[in-house]
Amino acid sequence: MAPTSSPALRAARIQAHGFRSPAGDAVAVVERLGALQAQDLGAAKWAIGSRMAEPSMAAVDTALESRRVVRSWPMRGTLHVLPSRLLRPVLAITGPRVLAAARRRHEQLELGEAEYRLARDAAERLLTGGGSATRDELAATWEAAGVHSGGQRAYHLIGWLALDGVLCCGPVDGRVQHFALLDEWAPAGADEPTERDQTLGDLFTAYITGHGPATISDFAWWTGLTKADAKTALAAAGDRVEPFAGDDDRFMAAGSTDAAASRPRGALALPAFDEYFLGYADRSPVCEPRYADLVVPGRNGVFQPLLVLEGRVVGTWRRRGTATKPRIELRWFEPMHTTASDRFIRPLTTWARFQGVELQGVEGLVVG
């Protein structure tokens, strides 16, 4: 069996994520990954851009505006970008589990079926006909309808309506997110899976295609589903996936295991919350466990931007200086060769071009 931290496994991950063969457009990146975490929209845009042959913020924005991909809360109660055709079928499976887990919090906030129904009716009256609204505008509408929306109540009502497939993230005005009715923003299409097992199989195939080699446990964690559902998903995926060479517990997209014969190469400057680290229950294949807390300091759920060298997460990075002329500080987990910083100039220059800013320099320090 191949060691879980083997170069072959990391090379296969690099290939699955699309770094060896970048996509021509942003929708293809999202389709390949199946879904990517996106509570930080700016970071999610670079997660997509970093996997494109010609990274462009405008191209990512166009993909979101095309409504072929959509941002919502399909898994683990966390915002993701995913193909629109998968959102409703996935929510039908994951939504009840997330809502069940949120029930106690809803009770603490005094949000019950009566409040939900009033909020839903008010939101549908406000948004029907192609409308959109900010969180504050929805909150004001709910207050007028007799539903108190102070504190965290507005956030939880939006989440509840999204998990039920009523709302989704719609247009973005600058940095302000608007919400829209899902059925109007991204109407159901003929290509949506219609059966539960079909949805599980399609989602498992997408996850493995964009994240493999990965285990059933990785998929169960990523989706927030049970191990039994994950096994059903594997069975439903059929011959679209296959065991990773030398490791029967991990799976790759069928026909892609030639990566096992290669080695991981190159330097990547990835965003916060990137799926390359975040998207697994077991992150040890790409990051030494003793450094995991440096990616998520204090285990507070805030994932830092990643430095990946030859498939390994070797540090994090942050921007300094001004908004339009930033300097980048590389924060190594352990001492690196003096030329290591030079390896990241190219990916960081690409990031700066994507952001429309002028990179002023790159410098490294050790924080491990």
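User: Hi! Is Lys 45 buried or exposed?

Analyst: Lys 45 counts as buried because its relative accessibility is 14%. The cut-offs are under 20% relative accessible area for buried, over 50% for exposed, and partly exposed in between, with a 1.4 Å probe and protein chains only. Bear in mind that this is a predicted model, where local features need pLDDT of at least 70 and side-chain atom pairs count only at pLDDT 80 or more, while totals for chains, interfaces and linings use all residues. Residues are numbered from 1 along each chain as its sequence is written, and side-chain values use heavy atoms, leaving out hydrogens and water.

User: Thanks! Which side chain has a polar contact with Lys 45?

Analyst: That is Asp 61, at 2.7 Å. A polar contact is a pair of N or O atoms within 3.5 Å; within protein, one must be able to donate a hydrogen and the other to accept it, and residues adjacent in sequence count only if both atoms are side-chain atoms.

User: And what else does Lys 45 touch?

Analyst: Setting aside residues up to four places away in sequence, Lys 45 touches Met 57, Val 60, Asp 61, Leu 64 and Phe 354. Contact here means heavy atoms within 4.5 Å.

User: Which helix holds Lys 45?

Analyst: Helix H3, residues 41–49. Helices (H or I, at least four residues) and strands (E, at least two) are DSSP runs, numbered from the N terminus.

User: Switching to strands: how do E5 and E6 run?

Analyst: They run antiparallel, with five bridges joining E5 (residues 167–173) to E6 (residues 176–181). Pairing requires at least two DSSP bridges between two strands. Leu 167 has Leu 181 in E6 as its bridge partner. The two strands form a hairpin with two residues between them, and Gly 174 in the turn has a positive phi of about 70 degrees.

User: What is the strand order in the open sheet?

Analyst: E7-E9-E8, three strands with antiparallel pairing. Strands E7 (214–215) and E8 (241–244) are the edges, each pairing on one side only.

User: Last one: which residues touch the most other members of the largest nonpolar core?

Analyst: Trp 73, Leu 138, Trp 142, Leu 167, Phe 204 and Phe 219, out of 59 residues. A nonpolar core is a set of buried Ala, Val, Leu, Ile, Met, Phe, Trp, Tyr and Cys residues joined through side-chain atoms within 4.5 Å. A second, separate core of 35 residues includes Ala 26, Val 27, Trp 46 and Ile 328.
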